[in-house]
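This briefing covers strand pairing, backbone exceptions, pockets and cavities in one protein model. Please read it alongside the sequence and the coordinates.

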Amino acid sequence: YKESLIKSAQSPGSTVLERGDADTDADKTHDATYYAPLLAQAPMEPPAAVARMNDVGTCVVWACVQHPKSARDTVAAALGLEKEQVTVNVTLLGGAFGRKSKADFVAEASWLARETGRPVKVTWKREDDLRHGYFHSVSAQYYRAGMDADGKTTSWLQRTAFPTIMATFVPDLKTPSALELGLGALDAPWDVPNMRIEACDAVPHLRIGWLRSVCNVFHAFGASSFVDELAHLNGQDPKEYLLEMIGPARHIDPAADGAEYANYDQDLAVHPVDTGRLAAVINSVADMADWGRDLPEGRGLGIAAHRSFLAYVGAVAEVSVDENGKLVVHEMWTCIDAGTVINPDRVIAQMEGAAIFGMSLTLHGELTAKDGGIEQGNFDTYPMVRMSEAPTAIHCHIMESDAAPGGVGEPGLPPIAPAITNAYFAASGVRVRELPLRKAGLTSVSYTHLTL
């Protein structure tokens, strides 16, 4: 399946955005393919719900759900009730990260309560959750850039292939939705005169669902990593090349290049991509990390930036790589422009959590299947970053802004993976184009001895 997905990304797809001619002649070209695997949200607290049927035929639920209206509709459909006959009381979620936006576990509790005539509590085991959830989509990304004699990028081709979330609701759907393409593909910030974005087919084999920052995760990994490749190919500083790719401060509406997109808590016509804000977080996070300082051999800095959910985030990672190629993440710096901020402590907490969540996905996150089922079942086979792996410090800065409030729970995640893998290249000279690093034996900790 992985081979077929990569082949799809490397073949022409449907053009969803076009500016100029991405096939125009260039002094030199460079291309690369990136791959990110299936992932699970893996909240520390698995899904749980309590349901009770009342004598008057109504149902009352207590559950850790992210989307109570959807949960009410799901329960009503399962029981054949009107939605007004269902009450959902939202408990503390614990972790969620998108998993608890789906109410399958709530429907189970409600159905059992009706059939038994008694209040019922359902708690999924972690094995249930990892093997029967709504998974974050596997993806392949293909990039090709043309450059002039000075190394400036003059053309950009991006192809993206991933099973769409919409296939969970529409059988046999092979093409991504405009909503998903608006999460890191159509809203590309590049100041490139010739650009084409293509969507490629991907056959779904599992239920695809929401995971923190959704498609921005793999789109940011591919795009930010490829820009870093172009910088090194041209012998230029990665931060400066990234800023050159973004270009002058301006507002971008993808519709001007023929893109059709769906609103996802945003309207790109009302809230266009603001490249000035993106450049500002890059400069700020680079200053925080003292970008450009001398580092000992085997140590490196990596930088990445991404816009998602109306917020702009830059990230820098400092890593070291030992003689066996093993990675240690020493420090991380993040900077966010989330517009008007009401509770700075909450923003910092979300950014710190995103850094650790992103490290877990980058170093360890991967679901695999065998004989028709997911192989992983608990944290021994689907590990998270442990305290022994965590950076000595995660530094967070919030930009002063009077812009409209943006997201903070999801935008901190996308630039983490490319910041770490770009730092890995700076420290070792080895380019990482596939996640997780654990699969290639590039992490410093093994969890094969753990039983949970």
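Strand E8 (residues 153-161) runs parallel to E9, and the two pair over seven bridges; strands here are DSSP runs of type E with at least two residues, helices are H or I runs of at least four, and both are numbered from the N terminus. Two strands count as paired if DSSP finds at least two bridges between them. This is a predicted model, in which local features need pLDDT of at least 70, side-chain atom pairs count only at pLDDT 80 or more, and totals for chains, interfaces and linings use all residues. Residues are numbered from 1 along each chain as its sequence is written, and side-chain values use heavy atoms, with hydrogens and water left out.

**Strand E9 and its partners**

- Strand E1 (residues 14-19) pairs with E9 in the antiparallel sense, over five bridges.
- Leu-17 is placed opposite Ile-197 in E9.
- E9 spans residues 194-200, and seven of its seven residues are buried (buried is under 20% relative accessible area, exposed is over 50%, and partly exposed lies in between, with a 1.4 Å probe and protein chains only).
- Both faces of E9 are covered: one side carries Asn-194, Arg-196, Glu-198 and Cys-200, the other Met-195, Ile-197 and Ala-199, and all are buried.

**Overall fold**

- The protein contains 10 helices and 17 strands.
- Its radius of gyration is 22 Å, close to the 22 Å that the globule rule gives for 452 residues, so the protein is as compact as a globular protein of that length (the radius is taken over C-alpha atoms, and the rule is 2.2 Å times the number of residues to the power 0.38).
- Along the principal axes, the C-alpha atoms fill a box of roughly 80 × 50 × 50 Å.
- Of the 452 residues, 56% are buried.
- Among contacts between residues at least 6 apart in sequence, 78% join residues at least 24 apart; a contact means heavy atoms within 4.5 Å.

**Backbone exceptions and a buried aspartate**

- The peptide bond from Leu-435 to Pro-436 is cis, with omega near 0°, and Pro-436 sits in the segment after helix H10 (416-428).
- Asp-172, in the loop between E8 and helix H5 (178-181), has a positive phi near 70° although it is not glycine.
- Asp-172 is exposed, at 71% relative accessible area.
- Ser-213, in the loop between E9 and helix H6 (216-233), also has a positive phi, of about 80°, without being a glycine.
- Ser-213 is buried, at 0% relative accessibility.
- Asp-228 belongs to helix H6 and is buried at 4% relative accessibility.
- Leaving aside residues up to four places away in sequence, Asp-228 touches Pro-238, Asn-422, Phe-425 and Arg-431.

**Pockets**

- Pockets and cavities are found on a 1 Å grid over the protein atoms alone: a cavity is a set of points where a 1.4 Å probe fits but cannot get out, a pocket is an open set with protein on both sides within 12 Å along at least five of seven lines, and lining residues have an atom within 4 Å of a point.
- Grid points are joined across faces, edges and corners, and a volume is the space filled by probe spheres set on the points.
- The largest pocket holds about 1,200 Å³ of space.
- It is lined by 44 residues, with Gln-66, Ala-96, Phe-97, Gly-98 and Arg-212 nearest its centre.
- H9 gives the largest share of that lining, six residues.
- By class, the lining of the largest pocket has 22 nonpolar, 15 polar and seven charged residues (Ala, Val, Leu, Ile, Met, Phe, Trp, Tyr, Cys and Pro count as nonpolar, Asp, Glu, Lys and Arg as charged, and the others, Gly among them, as polar).
- The second largest pocket has a volume of about 340 Å³, and its lining has 13 nonpolar, two polar and three charged residues.

**Cavities**

- Five cavities of 30 Å³ or more are found in the whole structure.
- The largest cavity holds about 150 Å³, and H6 gives the most to its lining, with four residues.
- The second largest cavity holds about 110 Å³.
- Of the 16 residues lining the second largest cavity, Ala-36, Leu-39, Val-217, Leu-361 and Leu-435 are the closest to its centre.
- The lining of the second largest cavity has 11 nonpolar, five polar and no charged residues.
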